[in-house]
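Please read the following note beside the sequence and the model.

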Amino acid sequence: MFVDSNLLLLAQRYNVDAQKALILQARLYPNPNLAYSRGPLIPIHDPNSQYPYSDFFTNSEQAANLSQVILLAGKRNKNIKLAEANAQLAEFQLFDLLRTLKYTLRTDFYNIYYLQQSAKVYQAEIKALQDIVDAFQQQEGKGYISEKEVVRVKAQLYSFRSEYNDLNNQINDTEGELRLVLKVKANKYLIPVIDTASISKLNPLQYPLKALLDSAYKNRTDMLLAKENTEINRLTYKYQKALAVPDLTLSVGWDHQGSYATDFNYAGVAIDLPVWNRNQGNIKMAKIMIDNTLALEQSTELTIEENVNRALQKALSEENLYKGIDVKFSKDFERLMNEVVSNYKKRNISILDFLDFYDSYKQNVLQLNNISFGRLQALEDLNFYTATNFFN
C-alpha cells in the first residue's frame, strides 16, 4: 500500500521522469536558422536608379539566409553527461525519501501496536474501578463505605480516564501520520498485529559493526547524494570551461538584387571573439563548488559513522533492558491484579493497598510496552542508518 499509494513518492517519481526528459533535450542539436526578407515596404521613385519605380511586389529586393550553429569544445556531450547526472541525483533523492518514509511507516506501526496494548490496560482498569464506584453508589447512605474511600476511588478513576484520553490522542496522532503515509481514508482505523515470537529473537549483535558501516557507506542515499553532487559540480566545471570557447556559425545566403550582381549567392562563417567575456566568473564558481561538495561529502561520511555507532550502542542498551525482563512477571502481575480487585470488594485489603497495587500494575504494563517499543525502534534506527533491512 505504501509503495503504490504514497503521494510524496509519486511526486518524486514524476521528478525523476522530468529529469530523464532533460537528457533527451540535452541530446538535441541546435536548430538551423532561416531568414528571409523582402522590400521595400514603402514604394521608391528614383529616376536615376536601374529600376525607377519599385515597391513590395514590383522590382522588389529579396534576400534569404540559412545558418547553423556548430557547438565546439564538446559542449553537447558535456551537457548530456550533466543531464544524466541530474537524473541520477533525482533517483537517489527518491530512494532517500523512500528510506525516510519507510522508517516512519515501520516505527509508527510498532508504536501504535504498543500504545494500543497500553490502552487495553486502561480500559480494563477503568471498567473495574467503574464497577466499584457503581457498587459504592448502591450502598450510599447505608454506612458501609466511608465517604473518604469513595472519593479516593473516584479520584483514581478520573485520573485513569484523563490518562487514557491523553493516550488515545497520542494513538490518533500516530494513526493520522500512518494513514497519510499509506493514503488511507480518515475513517479507517488501523490495528497493527505483530509476531512477538519472531521479534523476541532479533539480536543487534547478529551483525558486526564493520558490516553495518560498510552497508551504510554503500547504500545510504545521503552518501550517494553527496558523491553525486560532487560529480555534478565536476561536470559543471568542465561544461563552464567549454562555454568559454565560442561556438561557430556557418551560413549560406542568396540576395536577389541588393548586391553588385543579381541573384548573388554567398557562404559565411561567424564566431564570437572571446576578448572580454571568457566565462571567468562561472568557471571560478564551479571550481569552488567542487571543494564545497567535497567538504560536505566528508561531513556526511563522518555523520554516517557516528549515526551507526550511536544506533548500535542504543540497540545494545535497549536489548539488555529487554532481556532483563522476566517473561512471567507481566502474567503474574495480571493474575494478582484480579485477586486484588476481588479481595478489595470483599474488604480483605485496605483502599490504600488496593489503589497502590492498581497504580503499580498500570505503571508496570506501560513500562514493559515502552521497553518493547524502544527495542524495536532502536533496531529500526539501525535499519534506517545503514539503509539496509538487517532486522525485519
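**Note on the structure**

1. Helix H10 makes the greatest contribution to the lining of the largest cavity, giving 3 residues. A cavity is found on a 1 Å grid over the protein atoms alone, as a set of points where a 1.4 Å probe fits but cannot get out, and lining residues have an atom within 4 Å of a point. Helices (H or I, at least four residues) and strands (E, at least two) are DSSP runs, numbered from the N terminus.

2. The model is a predicted one, in which local features need pLDDT of at least 70 and side-chain atom pairs count only at pLDDT 80 or more, while totals for chains, interfaces and linings use all residues. Residues are numbered from 1 along each chain as its sequence is written, and side-chain values use heavy atoms, with hydrogens and water left out.

3. How many cavities of 30 Å³ or more does a search of the whole structure find? The search finds 1. The largest cavity holds about 40 Å³ of space; a volume is the space filled by probe spheres set on the grid points, which are joined across faces, edges and corners. Its lining consists of Arg106, Tyr110, Ile199, Leu202, Leu376, Leu379, Glu380, Phe391 and Asn392. The elements that supply two or more of the lining residues are H3 and helix H10 (351-386). By type, the lining has 6 nonpolar, 1 polar and 2 charged residues. Here Ala, Val, Leu, Ile, Met, Phe, Trp, Tyr, Cys and Pro count as nonpolar, Asp, Glu, Lys and Arg as charged, and the others, Gly among them, as polar.

4. Asn111 belongs to helix H3 (residues 75-138). Is Asn111 buried or exposed? Its relative accessible area is 15%, so Asn111 is buried; buried means under 20% relative accessible area, exposed over 50%, and partly exposed in between (1.4 Å probe, protein chains only). Apart from neighbours within four places in sequence, Asn111 is in contact with Thr174 and Phe373, where contact means heavy atoms within 4.5 Å.

5. The whole structure contains 10 aromatic pairs. Rings of Phe, Tyr and Trp (its six-membered ring) pair if their centres lie within 6.5 Å; planes under 30 degrees apart count as stacked, over 60 as edge-to-face and the rest as tilted. Phe56 and Phe57 form an edge-to-face pair, because their planes stand at 85°, with ring centres 5.2 Å apart. Phe56 is partly exposed at 27% relative accessibility, whereas Phe57 is exposed at 67%. The pair of Tyr122 and Tyr164 is tilted, with 6.3 Å between centres and 40° between planes. Since Tyr122 lies in helix H3 and Tyr164 in helix H4 (residues 147-182), this pair ties together parts that are 42 residues apart in sequence. Both of these tyrosines, Tyr122 and Tyr164, are buried.

6. Ring pairs also join Tyr103, Phe384 and Tyr385 into a cluster. Arg99 lies over the face of Phe384, at 4.2 Å from the ring centre. A charge sits over a ring if NZ of Lys or CZ of Arg is within 6 Å of the ring centre and within 35 degrees of the ring normal.

7. Most residues other than glycine have a negative phi, and most peptide bonds are trans. Ala387, in the segment after H10, has a positive phi near 55°. Gly39 and Pro40 are joined by a cis peptide bond, with omega about 10°.

Methods: 1 Å grid on protein atoms, 1.4 Å probe; cavity = no way out; pocket = protein on both sides within 12 Å on 5 of 7 lines; lining within 4 Å.
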